[in-house]
Amino acid sequence: MAVLLSRIGAFSHRHRLSVVAVWLVLLVGGGVGAVTLGGETSSSFSIPGQESTIALDRIGEEFGAGGEGASARVVVQAPDGQTLTTPENAGALGQLVAELAELPGVVSATNPLDPAAPSVNAQQTTAYSTVTYDAAPGEVTPEQQEALLDAVAEARDGGWTVEAAGEATQEAPHVGGPTEAIGVVVALVVLAVTYGALAVAGLNLLTALVGVGIGVLGVTIATGFIELSSTTPTLAAMLGLAVGIDYALFIVTRYRQELRHGSDVGTAIATAVGTAGSAVVTAGLTVVIALAGLFVVGIPFLTQMGVAAALTIVVAVLVALTLVPAVLGFLGHRALPRKHRAEARSATAATAAPAGGRGFLAGWATTVTHRRVLSLLLTVVVLGVIAIPFFSMQTTLVQTPPEDSTQARAQELLSDGFGPGFNGPITILFEGEGASGAAGQAAGPIGDLGDVALVTPPVPNADDTAALLTVIPGSGPTDPATEQLVADLRGQLAGVDGIDAYVTGQTAVSVDVAQSLDEALPVYLALVVGLALVLLVLVFRSLLVPLVGVLGFLLTIGAALGATVAVFQWGWLADAVNLDSTGPLISLTPILVIGILFGLAMDYQIFLVSRMHEAHSHGTRPLQSIRTGFGHAAPVVVAAALIMFSVFAGFVPAGEATIKSIAFALAAGILFDAFVVRMVLVPAALALLGERAWWLPRWLRWLPVLDVEGAALEKGATPARDREPVGATRA
């Protein structure tokens, strides 16, 4: 692989102008395609084939609800001591409804006091109007939302309490903003400090932006042909930017090292792409495996998110292998600080100073490997303690609006006026001849179930072949008692003869998604971890090194999700991340974080340990090879981790609800994995293992050699099969 990649690097250097032009054409073409072909994203989550999803589809067919537009609830509460049914208040309420019906994009607004369909509480103090738009959910424009909120604000002037909630009031997700820009600026500063040259840092960042731009524009084009989740573009941008910067960093750093060793520009580029590029390809492949492996979950929108993000990673790898060496060809020796250029031109391999022999990180490696047992125990204990909240993690698809927002205040008014369960009603669909009669007979036993506050009369369709029954729980939408009620309802309705009964609603959908994720997670982990282990065995020709990497990842994921639960569910340090409200994590968070963090953790494992393996394959003793490889790779891994952390952290303060917890978990996971697991646990564990760390059983010697370290470039031929390591048989 190293030889092939070195040829790609040499080709990109020789034809650098053409390579740059091709990437620019792709970027411009992607922009044109996104503008002309892009469509809308979806903010709904469902799983085809699940009971709740089937019911929603059938309700659309039987009752014609499938074509309805987005809706909002405008909640009105009378002043203290008054009711909404007095002549004066009733007239004012009717006037408000008329004004709502005339708002831009509004199709209809219901009157809460309409005798045919009242929506006022028993005390007649709280009511709501359902405002329906002609736009589909997620497509209500900001101008239409602003007009609604202005009307709500004006209604408050009459002394009423008026708030609005519902899907029509939800802001569209965004890609890019001030906080994300801060993350990019921090990345630029880290690059400038690492390189000692602002121009090189800027070019590194620029190539990464080209890659992420093409990736996100490609996702935008895809929205014109398939329905993608609203989270997909943001996830692709976040991952593509982080890995794009890091992959370019690894290649540029190796290129600068080769220049300092006396190589000419062309040779240095070819060697850098052949060596660091091999690690980039391997690392990128692990991330792609982790993301594409999401298909085993069986949830289409999750599969689409994974594939879209994986394709963005592929673009980032291709940019690192072609565009980065082309740009380096233009820079030449200017990639080095000015004071080092003359030395590099006159240096030879014999006179070049060895890298990584001194400094803080070299001393760190010496200390960790010397006190290996203590280092290992401290790592396990610290990460284990941080992981404790993970065991109380709760997940849901029901998103809680920000505290002190009009949506949150509206839900609170509805909860106080109609009960907590009013914000998460459960709908039961009965299908069959005489459906309304069957629904009426089932209403009594359903009302006797625990946590049921109210069962509404059945609503039949035109020919009485289907009927709807609405159950109002006694607890809120995210309460475990409401989720248990879904299971109790399904258990009770399973024995109804001659009628098909389906339980649906937002809580039921959330339960179905959570159950599917729980069932798929072990299969997903087995697939992703298994494939990555095989890949790492091929890279390092060792069984124990991959196992150390995977076990370290388990500590990383436990600590990352534990910290996320402590902040987002328990509310610890909530102000530090600009958290609007606490509650269960979004159901997608654990599996997405596990998949993404696994790929990124293996990135660091490959970049760090490959330099150790390279030193060991050149004859260095095991302990010294750990310290030498650490000295070479650790500074770059630290810089890469700081960059990736800053990019992920930039999506936390102002991120949408779904992205916020994912970005926080990824940022925390990067800190734990790069600075604790890879900087402490891995060198300590490998020092304990000694020569046995590089042991490969004889019956696996037939495995192909991937040559990530570029041995074939040094020998000018394909590397030979591994010989029996010295001391491999010692226990």
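Asp 451 is partly exposed, at 26% relative accessibility; here buried means under 20% relative accessible area, exposed over 50%, and partly exposed in between, with a 1.4 Å probe and protein chains only. This is a predicted model, in which local features need pLDDT of at least 70 and side-chain atom pairs count only at pLDDT 80 or more, while totals for chains, interfaces and linings use all residues. Residues are numbered from 1 along each chain as its sequence is written, and side-chain values use heavy atoms, with hydrogens and water left out.

Asp 451 sits in the loop between α15 (435–447) and β7. Helices (H or I, at least four residues) and strands (E, at least two) are DSSP runs, numbered from the N terminus. The phi of Asp 451 is near 70°, a positive value in a residue other than glycine. Most residues other than glycine have a negative phi. Asp 464 also has a positive phi, of about 60°, although Asp 464 is not a glycine. Its place is the loop between β8 (459–460) and β9 (466–473), and Asp 464 counts as partly exposed at 26% relative accessibility.

Val 452 belongs to strand β7 (residues 452–455) and is buried, with a relative accessible area of 15%. Between Val 452 and Leu 336 there are 71 Å in space, C-alpha to C-alpha, and 116 residues in sequence.

I turn now to charged pairs. The structure holds eight salt bridges, a salt bridge being a side-chain nitrogen of Lys or Arg within 4 Å of a carboxyl oxygen of Asp or Glu. Side chains of opposite charge can pair when their charged atoms come close. One of these bridges joins Asp 512 and Arg 490, whose closest N and O atoms are 2.8 Å apart. Asp 512 lies in helix α17 (residues 506–540) and Arg 490 in helix α16 (residues 480–493), so the pair ties together parts that are 22 residues apart in sequence. Asp 512 is buried, at 2% relative accessible area, and Arg 490 is buried as well, at 18%.

Arg 58 pairs with Glu 61, with the closest N and O atoms 2.4 Å apart. These two residues are three apart in helix α3 (residues 51–63), and therefore separated by about one helical turn. Arg 58 is partly exposed at 26% relative accessibility, whereas Glu 61 is exposed at 57%. Arg 678 and Asp 673 also meet in a salt bridge, at 2.9 Å from N to O, and both are buried.

Next, the surface. Val 307, Leu 311, Val 314 and Leu 318 form a nonpolar patch, with about 320 Å² of accessible area together. Patches are made of residues with over 30% relative accessible area and no salt bridge, like charges being joined within 9 Å and nonpolar side chains (Val, Leu, Ile, Met, Phe, Trp, Tyr) within 5 Å; accessible areas come from the Shrake-Rupley method with a 1.4 Å probe, and for residues only the protein chains shown count as cover. Leu 318 lies in helix α10 (residues 300–331) and is partly exposed, with a relative accessible area of 42%.
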